[in-house]
Amino acid sequence: MGIHEVPRINGVDYVIEVDPRATLVDMLREQLGLTGTKKGCDRGECGACTVLLDGRRVLACMMLALAASGREVTTIEGLSSNDGELHPVQREFLENDAFQCGFCTPGQVMSATACIAEGHAGSDDEIREWMSGNICRCAAYPQIVAAVAKANGQIGAGTIAGLDLSVAGGAGSTS
């Protein structure tokens, strides 16, 4: 280690020592104890490690932790409100049984939140296309699509957990 980093994660600034080879998912899980972000394939293929970086979805296993320095990272732990109220996407995943084993759920929820904010949840086909970077081995896809569609009706395009995308530098997808 030896390189200090100042990322803002879920609204909190952290000053931590980071190995320059550490990925964002490893830093989140191992150094900060934010284990909601899952480490699945470790090759950028499954989407389980999806987090938001400045309001855009990224695969945390494919990004060096140092690249998050000075930027805003939102993990599944930061999506609910401070009083513990679930985000509308989280609520709809629960209400629609949009998970089975639950391993992919944090990445699915983060990707779904971005998908809605990006304006890519207008139809079931569009949701399937823009969520295609997230794999569910239990095949809960119909329930996931239903949850995203219902959450879209509640929150609509343009915001992610109170973060205005126009301020965060635009929308896009890397997953």
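## A predicted protein, from one histidine outwards

His 87 sits in the loop between strand E7 (72-74) and helix H2. Helices here are DSSP runs of H or I with at least four residues, strands are DSSP runs of E with at least two, and both are numbered from the N terminus. The model is predicted, so local features need pLDDT of at least 70, side-chain atom pairs count only at pLDDT 80 or more, and totals for chains, interfaces and linings use all residues. Residues are numbered from 1 along each chain as its sequence is written, and side-chain values use heavy atoms, with hydrogens and water left out.

Is His 87 buried or exposed? His 87 is buried, because its relative accessible area is 7%. Buried means under 20% relative accessible area, exposed means over 50%, and partly exposed lies in between (1.4 Å probe, protein chains only). Glu 77 also has its place in the loop between E7 and H2. Glu 77 is partly exposed, with a relative accessible area of 33%.

Each of these residues can be paired with one further along the chain. The table gives the C-alpha separations.

| Pair | Distance along the chain | C-alpha separation |
|---|---|---|
| His 87 and Ile 155 | 68 residues | 9.7 Å |
| Glu 77 and Pro 106 | 29 residues | 8.9 Å |

What does Glu 77 contact, leaving aside its neighbours within four places in sequence? Glu 77 is in contact with Asn 10, Leu 34, Thr 35, Gly 36 and Thr 37. Contact means heavy atoms within 4.5 Å.

**The whole protein**

The protein has 6 helices and 9 strands. Buried residues make up 47% of its 175 residues. The accessible surface comes to about 8100 Å², and 50% of that belongs to carbon and sulfur atoms. Such areas come from the Shrake-Rupley method with a 1.4 Å probe; for residues, only the protein chains shown count as cover. Take the contacts between residues at least 6 apart in sequence: 60% of them join residues at least 24 apart.

Helix H3 covers residues 105-117, which is 13 residues. H3 reaches 18 Å from its first C-alpha to its last, close to the 18 Å expected at 1.5 Å a residue. The expected span is 1.5 Å times one less than the number of residues. H3 is mostly covered: 13 of its 13 residues are buried. Gly 119 follows H3, with a positive phi near 85°.

Helix H5 runs over residues 141-155 and has 15 residues. H5 spans 21 Å between its first and last C-alpha, close to the expected 21 Å. Which residues of H5 are buried? They are Ile 144, Val 145, Ala 147, Val 148 and Ala 151. Seen down the axis of H5, its buried residues fall within an arc of 160°, so they line one face of the helix. The arc is that of the directions from the helix axis to the C-beta atoms. An α-helix has 3.6 residues a turn, so residues three or four places apart point the same way.

The face of H5 turned away from its buried side carries the exposed residues Pro 142 and Gly 153. The cover over the buried residues of H5 includes helix H2 (88-95), H3 and helix H4 (124-130). Gly 156 follows H5, and its phi is positive, near 65°.

**The cores**

A nonpolar core is a set of buried Ala, Val, Leu, Ile, Met, Phe, Trp, Tyr and Cys residues joined through side-chain atoms within 4.5 Å. The largest one has 23 residues, of which Val 89, Phe 93, Ile 144 and Val 148 touch the most other members. H2, H3 and H5 are the elements that give two or more residues to this core. H3 gives the most, with 6 residues. Another core, of 21 residues, lies apart from it, with Ile 9, Val 25, Met 63 and Ala 65 among its members.

**The sheet**

What is the order of the 5 strands in the open sheet? The order is E3-E2-E7-E5-E6, and the pairing is mixed. Two strands pair if DSSP finds at least two bridges between them. The edge strands are strand E3 (12-13) and E6, and each pairs on one side only.

Strand E2 (residues 8-9) and E3 run antiparallel, joined by 2 bridges. Ile 9 has Val 12 in E3 as its bridge partner. Strand E5 (residues 50-53) and strand E6 (residues 56-59) also run antiparallel, joined by 4 bridges. Leu 52 stands opposite Arg 57 in E6. The hairpin of E5 and E6 has 2 residues between the strands, and Asp 54 takes a positive phi near 55° there.
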